[in-house]
Each structure stands twice: as structure tokens, then as C-alpha cells.
Amino acid sequence: MEDIEITELFADRVSPACREERRSDRVDDEKIIELFNARDERALNAVSLKYRSLLISVSDNILQNHEDSLECVNDTFLRAWESIPPAKPKSLPAYLAAIARNTALNRFRAEHREKRGGGTVMQLYEEFGEQLASPFSVENLAEQRAVLDAVNKFLHKTGSRGRKIFLRRYWLCESIPELAQHFMTTENSIYASLSRTRSQLVKYLKKRGFEIE
């Protein structure tokens, strides 16, 4: 999931006091990755200090349970330690957020497999379910390389505002009220933007040969 262009979503999630520091984030992140490659446990302390709050936010949006989210974040650090190397993240926050998101989604599915409802995540499934039929359900979307590549290309062609709204809703699982507040607009405007982007995405995928009802 690191393929999806989500790095731009993280800029406004940093407190004002840390923004000056973020100007040198690329160098700092490269040093952290060097620690991972050297199997130096200081890498875990570094990512915890720098990205724990971001990863908790990503997990909380999905699980809506703070204790479960903390466990997912700890699992994220462990999986990062196990995967780097050989993985070579282009963006460390995007890589970590992808692990946290997938970990939280797996936990959510395990806990809600036999249930209907389930809050924000199930609402997202239902929103997409109207247009993306099996095998291209939202659950499969993240696992289908061909679809993911097509979605990435589509997002590159989408306007910045529409792309950010789409990713915040379907990648970070933010609520409609949260989106409306962030973009200083009405909830109806957010609904309209999401509907328009979903419709455009479906047309884009159909033109490229994906079978979508």
C-alpha cells in the first residue's frame, strides 16, 4: 500500500513546533533506515518517538479502540523491524502507516467477521460496495496489485483537493464530519466530492478492462 501517494496527507498532522524539524525529515529518515539495515535497535526508539502519534491516529480511525490501536502500533514496529531490510521504503512514514493500516484492518476483520455493522470501516465498505462488485470489493482492493496500480495512476490524474478527500476517507478512514471540518466545507460537499471521485474511478477501471458491475 505504500504505492498509493499518501505522503502529502501527513504534512498537516505535525504540530507547529515540529514543522521546522520536518524540513530535515528526509535526512533523519535515511539515518533511521540505516539503523534498521544495521540491525540497530535504536531504530525502533527513533520511529517510536517520531511516528507513534501518527500511527495511533491511523489505527484509531479504523478500530475506534485506543488499546487495540496501541497494540497495532507495537505490531507495526515489530513488522518494520522484520521487513527492513530487505525492504527499502521510499517514504518511511508512508511505509509505517501502510503497515499500521493493514494491521488494524486485519484486526478489524477478525473481530467483525461474523457481525454486521462495525462503524466507519463497514460504512466505507458499503459506500464502495455499490460500485465495486466482487472480486473488486474494498477488502480485495488493497490486495490486488493490478487494481492498486490502476488506482495509483488514476489518483495521479485527480485534482489535489479531490485526491486528498478520497485518500483521507478511504485510506485514513476519516469521518465525513472530520473531512468537512478539515476542508472548511459542508458535509454535502464532501459527499459530492467522494461520489464524483468514486464514479470517475469506476469508469477509469472499466476502460482498462476490469470487470465491474
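**Exercise 1. Which residue forms a salt bridge with Glu71, and how far apart are the closest N and O atoms?**

Solution. 
- The model is predicted.
- The partner is Arg107, and the closest N and O atoms are 2.8 Å apart.
- Place each residue next. Glu71 lies in helix H4 (residues 66-83), and Arg107 lies in helix H5 (residues 92-112). The pair therefore ties together parts that are 36 residues apart in sequence.
- Check the cover. Glu71 has a relative accessible area of 42%, so this residue is partly exposed. Arg107, at 21% relative accessibility, also counts as partly exposed. The cut-off for buried is under 20%.
- Widen the view. Salt bridges that share partners join Asp68, Glu71 and Arg107 into one network.

**Exercise 2. Describe the fold of the chain from its elements and contacts.**

Solution. 
- Count the elements: there are 11 helices and zero strands.
- Read along the sequence, the pattern is α-α-α-α-α-α-α-α-α-α-α.
- Turn to contacts between residues at least 6 apart in sequence. Of these, 66% join residues at least 24 apart.
- Take one pair of positions. Ser57 and Ala97 are 40 residues apart along the chain, and their C-alpha atoms are separated by 9.6 Å.
- Locate Ser57: this residue lies in helix H3 (residues 42-63). Its relative accessibility is 23%, so Ser57 counts as partly exposed.

**Exercise 3. How much of the chain is buried, and how many residues of helix H9 are buried?**

Solution. 
- Start with the whole chain. Of its 213 residues, 46% are buried.
- The chain exposes about 11700 Å², and carbon and sulfur atoms supply 48% of that area.
- Now take helix H9 (residues 160-170). Eight of its 11 residues are buried, so the helix is mostly covered.
- Name some of them. The buried residues of H9 include Ile165, Phe166 and Leu167. Arg163, Arg168 and Arg169 are also among the buried residues of H9.

**Exercise 4. Which residues gather in a patch of positive charge on the surface?**

Solution. 
- The patch gathers Lys153, Lys157, Lys207 and Arg208.
- Arg208 is found in the segment after helix H11 (187-207).
- Test its accessibility. A patch residue needs over 30% relative accessible area. Arg208 has 41% relative accessibility, so Arg208 counts as partly exposed.

How values were computed: Residues numbered from 1 in each chain as written. Predicted model: local features only at pLDDT ≥ 70, side-chain atom pairs only at ≥ 80, totals over all residues. Heavy atoms only, no water. Patch = residues over 30% accessible without salt bridge, like charges linked within 9 Å, V, L, I, M, F, W, Y side chains within 5 Å. Areas by Shrake-Rupley, 256 points an atom, 1.4 Å probe, with all protein chains shown as cover. Salt bridge = Lys/Arg side-chain N within 4 Å of Asp/Glu carboxyl O. Lys, Arg positive; Asp, Glu negative; His and termini not counted. Charge placed at Lys NZ, Arg CZ, Asp CG, Glu CD. Helix = DSSP H or I, 4+ residues; strand = E, 2+ residues; numbered from the N terminus. Buried < 20%, exposed > 50% of the residue type's maximum accessible area, 1.4 Å probe, protein only. Contact = heavy atoms within 4.5 Å.
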